Amino acid sequence: MPFRHKLFLEESAGTALIVGDLHLHPGRDGAPGTDLLSLVESLDEKDLLVLNGDVFDLDRVGGEPELGFGPGAAAARIARFLDEFPALGQAMKTWTSQGGKVVWLAGNHDAEVCLPEVQEAVINRLGIDKRSLSFGEKLVINNEITIEHGHRMDPDNNFYPTTSAAVKRGNLESLPMGCLVTRMLLTRIPEYRRNGEHRSNPWQIFTRLFRQHKLAVFKMVALYLVMALRICKLSARAAYRADTAPWSSTFGILAAARRLYLDRLLAALFLVSLGIVAFSSWLIDNEVPVYIALASLFNAAFLLIPTRRARLYGSRDIDSVRNYAAGMARQTGTSIVMGHTHQPETKPIDGQESTLYLNHGSFAKKIDGKRPLGVYRHGLLELAYFPPPPGIKSVKVA
Ligand SMILES: [Fe+2]
């Protein structure tokens, strides 16, 4: 539920630090968590820390029953990470006991923090005062800036009609495609994540995986097809129950198949099989002309290199977050802070320097050795990097 926060900042005139997209989960490289710990330790007690979504990747399941969906699984996964990394929880506890405040906004990969059971479990696990940690989907500070994770208008990551309403339904078909792909494929075959993600087309991913894993890639392709068929089935159910937006990638079988390139993959598989049969026949008894085999294989390759579609999907999340931010800025008259795209940027809205769209990028993805974040202080909103230059105690605007 969107909420307004009559901020701590009005009383304290501290700094709001906005970080997001750390994607922490059990077993991951702890470096972003270590740097978040250092950031928390550098905060002043008047500051506000905004965790702007995807702080934890609750879609990174480990083969739990029912793909680990629901408040119990989400709380357990956060607790498992904090158990692996107790210093971060301790630093939060110390800082909030001195007056520090935290607002945690839901992203697409930690959407279950909208559930009261998960919120309570996190507060109990951290052992911090309830008044020091709030949860929500949107934060407005002093009518000057609006902060949101930004996944709301991304067709691959939209929860319908709102993030909290969708997670409260508690079924897999309420999850957007990005969450389903992470749960069903990327967790189990991390090589996919390392070699492609959503901006690559099937041919690019296949060739990268083939270079590294040789024939094992065919098993990965088979698992991809199983996942894609399963997501199509869930998407059919989601569209039937009106649990997904008409412009979402999970609006029915056709939308899901298209987004997952399943239509082209199946057609290419058919053509490859036809090509092999034709080629064998040409070799054995010269009955089928060889050009039929070659034409089949050529068409299969053509189907796997969908340039136009890849271009559309390649930048769709970035464009949709930018457009959403611009619309919201016009509507609210505030500057907008979002994350989600993992691409830090600042852009004046409609060319007006007074209203800004700021994307803080991913705190897990270093740029020139530093981690990006948003900083808002005394009406000034800027992109900053952590750690700050030597000799400066707390974060300063870069
Ligand atoms: Fe996100």
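Guide: Lys214 has 9 other C-beta atoms within 10 Å, so it counts as exposed; the cut-off for exposed is 12 or fewer. Keep in mind that this is a predicted model. Where does Lys214 sit? Find the loop between helix H9, residues 202-213, and helix H10, residues 217-240. Lys214 is in that loop. Now look at its backbone. Phi of Lys214 is positive, at about 50°, and Lys214 is not a glycine. Most residues other than glycine have a negative phi.

Go next to Asp368. Its phi is also positive, near 50°, and Asp368 is not a glycine either. Asp368 lies in a loop too, between strand S9 (352-359) and strand S10 (371-377). Which is Asp368, buried or exposed? It counts as exposed, because it has 5 C-beta neighbours inside 10 Å.

From phi, turn to omega. Most peptide bonds are trans. The bond joining Tyr160 and Pro161 is cis, with omega about -5°. Pro161 is in the loop between strand S6 (145-148) and H6. The bond from Phe386 to Pro387 is cis as well, and omega there is near 0°. Pro387 belongs to the segment after strand S11, residues 380-386.

Ser164 has 20 other C-beta atoms within 10 Å, so it is buried; the cut-off for buried is 20 or more. How far is Ser164 from Ser248? They are 84 residues apart in sequence, and their C-alpha atoms are 17 Å apart in space.

Now see how helices pack. Take H12, residues 262-285, and H13, residues 290-304. Their axes come within 8 Å and cross at roughly 160°. That angle is over 145°, so H12 is roughly antiparallel to H13. The crossing is left-handed. On the H12 side, the residues in contact include Leu271, Phe279 and Trp282. On the H13 side, they include Ile292, Leu297 and Leu303. The residues of this contact divide into 15 nonpolar, three polar and one charged.

Compare H3, residues 71-84, with H5, residues 116-126. Their axes are 9 Å apart, at an angle of about 25°. That is under 35°, so H3 and H5 are roughly parallel. H3 passes H5 in a right-handed crossing. H3 brings Pro71, Ala74, Ala75, Ile78, Ala79 and Leu82 to the contact. H5 brings Glu117, Val118, Ala121, Val122 and Arg125. Nine of these residues are nonpolar, none is polar and two are charged.

Last, step back to the whole chain. It has 14 helices and eleven strands. Its radius of gyration is 23 Å, close to the 21 Å from the globule rule for 398 residues, so the chain is as compact as a globular protein of that length. The C-alpha atoms fill a box of roughly 85 × 50 × 45 Å along the principal axes. Buried residues make up 47% of the 398. Finally, take contacts between residues at least 6 apart in sequence: 67% of them join residues at least 24 apart.

Technical notes: Residues numbered from 1 in each chain as written. Predicted model: local features only at pLDDT ≥ 70, side-chain atom pairs only at ≥ 80, totals over all residues. Axes fitted to C-alpha atoms, helices over the stretch in contact; angles between N-to-C directions. Helix = DSSP H or I, 4+ residues; strand = E, 2+ residues; numbered from the N terminus. Parallel < 35°, antiparallel > 145°, perpendicular 65-115°, else oblique. Left-handed = near helix turned anticlockwise from the far one by under 90°. Contact = placed C-beta atoms within 7 Å. Nonpolar A, V, L, I, M, F, W, Y, C, P; charged D, E, K, R; others polar. Rg over C-alpha atoms; globule rule 2.2 N^0.38 Å.
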